[in-house]
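Good morning, colleagues. Please turn to the sequence and structure on the screen.

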Amino acid sequence: MTDTTQIDTGESDEPLSRKASWRSIGPGIVVAATGVGAGDLVATLIAGSKFGYTLLWAAVIGCLVKISLAEAVGRWHLATGRTLFDGWRSLGSWTTVYFVGYVAVWGFVYGAAAMSSSALPLAALFPDTMDLKAWAVLCGLVGLVFVWFNRYAVFEKVMTVLVGVMFLVTVYLAIRVTPHLGEAVAGLAPVLPDGSMIYTLGLIGGVGGTITLAAYGYWINAKGWTDTGWMKVMRLDNRVAYVTTGIFVVAMLFVGAELLHSSGAALAKGDKGLLDLSGILEDRYGTATAKLFLVGFFATSFTSLIGVWHGVSLMFADFMTKYRPSLAPAGTSREKSLPFRAYLLWLTFPPISLLFLDQPFGLVIVYGVIGAFFMPFLALTLLWLLNSSRTPSDWRNGLLSNVMLAAAGLLFVVLCVQQVRELPW
């Protein structure tokens, strides 16, 4: 009888599929934490204060939209072995022009906003120590030093700890306000109260939706995930991350619905709205709860700061070294390359000037217009890339992915138009 036993030589062309494990997750937590900023939490609180639990369904759909977008980014990196910027560049030079304009102007204005957001809770926790501008500069410099001298592994661990703080604080607050679970369940039914359209779209598209979604692919590569063998791990990582984001959003919606909706209390727009909430929490539940909330506020803001400092700098380094390979000689990691550190400096020092001056009116408008177009740009270019021959056939979009990316693209186009309309022309 002929022996037909096959000898496994280990030379299969297919990468070894890694088992999805909870211990492997990390990049998804980083991208989710970076994308959820203090301003997002204020928007969620305001939605809860105006409409109670009615828009809870929108928060759930928003979580599914972000899962689809981040999965598409990760799938592109793992299936093609190319970065997202490689994909954009293959679509034409117009993508390069847009990216350059975006990271230059957006980074300049965002740097100041991130520093200010991180400084607000510190100034409230430690009054009579330093003024707000000094705290903001300190936050920027600490972020710069931390990202400059640490590799991804340390960065991920610190982000995970800060996410843990965010999670515990938001869940504690949601329990503390004693939510009405029956009303919350009813809020899962898609209903649009009068005047709720913009808040609904904001909940679906706004929370966790920034350029850091595009940075997800760079973080999974920095983690060491570089081929399709990591696909299952990446998908678990991504789902866990955005379920965590969903819990943040739902928890803050509960707080808005219970603490603000019934009393009719109003919050200021933007990050300062969280200081208003701190005052309300102190009146209702005491100083300890208010201070705990401020700690969570700082964790939320500072994860966004160091996440952008690291993730967008990786993207910029990739962009620059594609045109000037000499900027990152062989053997030099992106995190230690000249373009990475140059963009870190751009995010830190020029924006400090905006902390001491009123933001130039024209710059604010340009920032708003360019920023509004990024999420539609991301969703629609992913739809293009993942349905083309640029992606191996086994990893191209299926029906569900196409539906989710097309819906996300349409949603972000509507939000883009609304944001541009609201700019102070």
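I shall begin with the whole chain and then discuss two regions of it.

What you see is a predicted model. The protein chain contains 17 helices and 0 strands. Of its 425 residues, 53% are buried. Among contacts with a separation of 6 or more, 84% join residues 24 or more positions apart. The chain exposes about 18400 Å², with carbon and sulfur atoms supplying 65% of that area.

Let us turn to helix α7, residues 152-176. Does the distance between its ends agree or disagree with the expected span? At 1.5 Å a residue, its 25 residues should span 36 Å, and the end C-alpha atoms are 36 Å apart, so the two agree.

The buried residues of α7 include Tyr152, Phe155, Glu156, Met159, Leu162, Val163 and Met166. As a general point, an α-helix has 3.6 residues a turn, so residues three or four places apart point the same way. After α7 comes threonine 178, with a positive phi near 55 degrees.

From α10, Thr212, Ala214, Ala215, Tyr218 and Trp219 meet a set of α13 residues including Gly307, Val308, His310 and Leu314. By class, this contact has 7 nonpolar, 4 polar and 1 charged residues.

Methods. Residues are numbered from 1 along each chain as its sequence is written. This is a predicted model: local features need pLDDT of at least 70, side-chain atom pairs count only at pLDDT 80 or more; totals for chains, interfaces and linings use all residues. Side-chain values use heavy atoms; hydrogens and water are left out. Helices (H or I, at least four residues) and strands (E, at least two) are DSSP runs, numbered from the N terminus. The expected span of a helix is 1.5 Å times one less than its number of residues. Buried means under 20% relative accessible area, exposed over 50%, partly exposed in between (1.4 Å probe, protein chains only). Contact means heavy atoms within 4.5 Å. Ala, Val, Leu, Ile, Met, Phe, Trp, Tyr, Cys and Pro count as nonpolar, Asp, Glu, Lys and Arg as charged, and the others, Gly among them, as polar. Accessible areas come from the Shrake-Rupley method with a 1.4 Å probe; for residues, only the protein chains shown count as cover.
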